[in-house]
Structures are given as C-alpha cells and as structure tokens.
Amino acid sequence: MSRYRTLAITTLSIFVLLTAYLYKIHIAHPMTPPVPADNDMSARHAIIVGSGLAGLSAASQLLSHRVPVILLERAAKPGGNSIKASSGINGAPTAYQPATEPLDAFYLDTVRSAGHAMKTLTAHREGLIDTLTEYSASAIEWLANEKSVDLSKVAQLGGHSYARTHRGKGQTPPGFAIVSALLKEMKENPLADLRTSCSVTKVLRSSQLVTGVEYACEDGQKKELHGPVIFASGGFGGDANGLLAQYRPDLVGYPSTNDPRPGTQPLLTAVGAKLVDMDQVQVHPTGFVDPANPASPLKFLAAEVLRGEGGVLLIDGKRFVNELDTREHVANAITTNPSTSDAPKQWTVQIVLDEGTYSSAKSHVDFYIFKGLMKKTTIAELGSNALESIEQYASAVAGTSVDTFGRTSFANWSLTHPTPDSVVYVGAITPVVHFTMGGVLINQKSEVLQEEHQRIEGLWGAGEVTGGVHGGNRLGGSSLLECVVFGRIAGDQVAGYLKERS
Ligand code: FAD
Ligand code: SIN
C-alpha cells in the first residue's frame, strides 16, 4: 500500500511541478519576444502615436507580423474621435451592398468630392484616392471576417452615387463596434503595450532618420522611446484657438463635434514634414442644437445616415437643398442664410424623418430622443410651410414629380400622403466644424513626406493627421476607411522596415 502511496505522491508532485513549469513559460512568460526597454536604440518594436482607428489598425497589422507595439495615447481613455463615429465605413464592392456598382464609381465620386484641390498635386492625390478606394473592399472584409465586426447594413450618404457606407444591424454604433474589437485584440496580445495618459511631445530625429519620440505621462517626466514611429494622432478640428484659428479664422466661433484638443501637425513639421490642404476644413451640416444647452460649443453629431435613410432638412418649414449633396454643398446652402446666433455661430434648421426613415435608423433616433436632441411630433407642429414641403418631397419619392433639388435617392422614406397629423421625428441642427482634410502629406505607402516629396525615414502617418486623400471635401464614411487602409499599410511597412534591419 505504502509503495503505491509513495508512487502516487511522486507522480502527483511531478505533475504539479511540470504544470507550474509549463505555466511559467507559456502563460506567465509567453513564448514571444519581450517588449524591449524604452531606451533600447536597436529597438525591434514599433511606436504608434494615437489610439484611434488609424493607430489601432496599424497596431493590429504589426501584431499580425508578431512585431511588438508600444501605443502612446494622450487621453485617459483610448479610441479618439474614431469611437464616436456614427454613420459607418465605406467599401466597394462588398457582399453587403444592395446594388453592384461599376468598379471605378467610388474612385470617381471621391475625385469629384475632392473638387478644386485636385488641380494641384494631381497625380499624387489620384494615387492616394486609388489606394483608398482600391483597398476599401478588403478593409470591410478584414473588419467583418477577421475582427467579427457586423457591417451588414449599408446606406447611401451625401456625394456618393451608390450605397456603400457600412454599419451593423444592431444597436452598437459603428465607431464603437470597430474600435472596441481592435482594442480587445490589443489588450489580449502580450506583444501590445497601450499606455494611456501619455502625450508625445517631440519626434526625435538624428541626421535624416526619425529615431523615436519624447513623451510624458501623468507624472510629467519627459522620457524617450526609440524605434520607428507611426503618427495616428487625429485632426485639429478641436484646436479652436490654435491650428483652426491659424488656418481658418473665418470658422472661429463655430461649434464642433470634436472635443477640444491641440493639433499635432507641428510636431511633424518640426522634423521636416510637408503640410497640405490645412485650410480645407469640413463643416458638417448637421450638429444637434441641444435644447437644454443651445450655446454649447461642443455638439452631438446628427449622423448623416439620418438623411441617407430618407430624412430632409427644413429652414422656416421649407426644403432648400438636395440633402444628399456633398457636405460642403449642404453646409454652404445653410450658411448663406443669416445666422441666428453669434456665440456660438449657429443657424436654425430642422431635420425631419418620417416613420419609414425612423425605422431604418431606429437605434440612432431612439438614442437621440433619449438624449433630448430629437422628439416625436406631428407635421402640424413644424410650422406653416412644412406640410407643403413634405407633400412635394413625398410626391418625388412616389415618382409622381421630379425633386426640385435634384434628389434621386430617398431610401426608406415611406410617408406617401402627409397630413397635419402625420407622425414625424424632428431635431434642431446647425453646421459644425467636424473634420480636417489637411495634414502631413503621405504617399501610398503611408510614408510621411518632406517638401520635395522624399520620405522621412522612420516616420509613417495614417488617419486624420494626414492630408491629401480627401482634397476639399471628405465623403461621409471615408475617414474610418482611410484609417483602416493607410493604418494597415503603415503597419505592414514598419514590419518590413524592422525585418530589413534585423
Ligand atoms: P482619432 O480617432 O481622433 O485618434 C487620434 C488619437 O490620438 C486620439 O485619441 C488623441 O488623444 C491621440 N493623440 C493626439 N495627439 C497625441 C499626442 N501628442 N500623444 C499621444 N496621443 C495623441 N468618419 C467616418 O468615416 N464615418 C463616420 O461615421 C464618422 N462619424 C463621426 C462622428 C463624430 C462625432 C466625429 C467627431 C467624427 C466622425 N467621423 C466619421 C470622422 C472619424 O471618426 C475621424 O476622422 C477618424 O476616426 C479619425 O481617426 P484617427 O485615428 O485619425 O484619429
Ligand atoms: C456622420 O455620421 O455624419 C459622420 C460620418 C462621417 O464623418 O464620415
């Protein structure tokens, strides 16, 4: 008996020791290269500045190459403006689109939207737009198939000739769905090191090569981190008194959808980066005026999908524009009227949805009603001209007349015989500073360029911090797309760069 007991105890001990050993090497210390020390000049890790969609897409791609990533984020919480995105991400051709579009339609829409800006740097811009649109289908596939993000609902936004803006069918807004999927992946990967409340204060350059960044976290201590750098630090729409005032003084006083934060382009011009289109700032036509706080300079966005699914805009009860024209055009159609407030600079416009439009944008509208930004009412409550305007629109939807403003896509508007008692959903909106098209010039490899278009070795850029992709007007849904496309390219490029030097 005692021999058997000794054998059993010995076997058990060996099993426990072996388990502990395996745990130590596989779990506590996974069999992956450790993230090198911050001051290691021969670093094998990549540095990413900004944890919005551009930064996270770059990180995900680097991790797929098993390259360690250190991601520095100035805010206490990751996600940037990307996490707020509400209408969706463009892609064509995809399996989710209701209609097959010609292969070059998205490219041509983007060039048309970019407008006069295409007259300068023409070939360069065409290359960037080609990359953006060419890789748009694989961006959607990547998110849907590899990251399990639901993108199966598609809407047609302003300036698009086909429905190609993808979001999920459920309640979760697209920005949140995409960002949280990539963040989860990062948090689960031992090669990823996300440092929040850490602000990059300088790009380090020795001779012709970017060698890393200087940064400071909550304790304010300046530290250096060495390695190739991907800048994904977002736009300057929230830098009201800084870059925005410098490049677009006429927009000072406009409310914005962007939280206040300084722009980061100066960190990059300090190492020779070329800026383009800095005066090209997108004014989005529909930011909600919150009845509880109408003077707030920070506005909640009335997602373009409300118009895309059929909604209309009224001033004094009358339609005044094709609501699905480009943002630039729709915003201009509002701002040619006298403003109704100067601080902040605001106009009084209504966004109106019928029951059909409501049903297809239900999760958005229910949320806006919950926030007190929209209400359910009747046409009679919209003022004296509204019934006639809505009757004309309904007639165009039914095909019995041509729309006065040239609108041809009415999506899910279903109110065919409007009466004063017809139910509608309404909110007050005003134009808002939303997106900055300008930034540091990149090429199709996401390399940051200098004045003469040579690359700055060791430095890549992706997302809203860059310029040149959208020209004078960005199409709705194309920012999330540029983050994924150019973020992933940057990740691949940096992985190759590190491999070449290993
Ligand atoms: P961001 O997501 O803004 O991330 C940049 C990050 O960098 C931030 O977290 C910031 O804190 C950090 N950072 C900045 N400077 C530093 C520094 N010095 N050191 C460290 N970190 C730094 N686009 C679409 O395509 N579809 C949509 O439906 C859509 N909806 C939108 C809704 C709203 C309300 C807003 C505001 C924008 C929307 N956009 C949409 C635009 C789009 O969300 C943004 O343009 C895009 O997400 C920008 O992504 P990014 O990764 O470049 O920057
Ligand atoms: C929106 O929902 O209107 C924003 C979409 C975008 O900025 O692309």
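Buried means under 20% relative accessible area, exposed over 50% and partly exposed in between, with a 1.4 Å probe and protein chains only. The model is predicted: local features need pLDDT of at least 70, side-chain atom pairs count only at pLDDT 80 or more, and totals for chains, interfaces and linings use all residues. Residues are numbered from 1 along each chain as its sequence is written, and side-chain values use heavy atoms, without hydrogens and water.

**View 1. The buried face of helix 10.** Helix 10 spans residues 327-335. Helices (H or I, at least four residues) and strands (E, at least two) are DSSP runs, numbered from the N terminus. Arg327, Val330, Ala331, Ala333 and Ile334 are buried here. Seen down the axis of helix 10, these buried residues fall within an arc of 155 degrees, so they line one face of the helix. The arc is taken from the directions from the helix axis to the C-beta atoms. An α-helix has 3.6 residues a turn, so residues three or four places apart point the same way. The cover over the buried residues of helix 10 includes strand 12 (281-288), helix 9 (305-308), strand 13 (312-314), strand 16 (349-353) and strand 18 (423-436). Contact here means heavy atoms within 4.5 Å.

**View 2. A nonpolar surface patch.** Phe300, Phe367 and Phe370 make a nonpolar surface patch of about 330 Å². Patches take residues with over 30% relative accessible area and no salt bridge; like charges are joined within 9 Å, nonpolar side chains (Val, Leu, Ile, Met, Phe, Trp, Tyr) within 5 Å. A salt bridge is a side-chain nitrogen of Lys or Arg within 4 Å of a carboxyl oxygen of Asp or Glu. Areas come from the Shrake-Rupley method with a 1.4 Å probe. Phe370 belongs to helix 12 (residues 362-370). Phe370 is exposed, at 67% relative accessible area.

View 3. Strand 8 (residues 209-216) and strand 9 (residues 222-226) pair in the antiparallel sense over five bridges. Two strands pair if DSSP finds at least two bridges between them. Gly212 stands opposite His226 in strand 9. Five residues lie between the two strands of this hairpin, and Gly220 in the turn has a positive phi of about 80 degrees.

View 4. The order is 3-5-4, with antiparallel pairing. Strand 3 (89-90) and strand 4 (153-155) stand at the edges, each with a single partner strand, so one side of each is left without a neighbour in the sheet. Two bridges join strand 3 to strand 5 (residues 165-167). Ile89 stands opposite His166 in strand 5.

How values were computed. Chains lettered and ligands numbered in written order.
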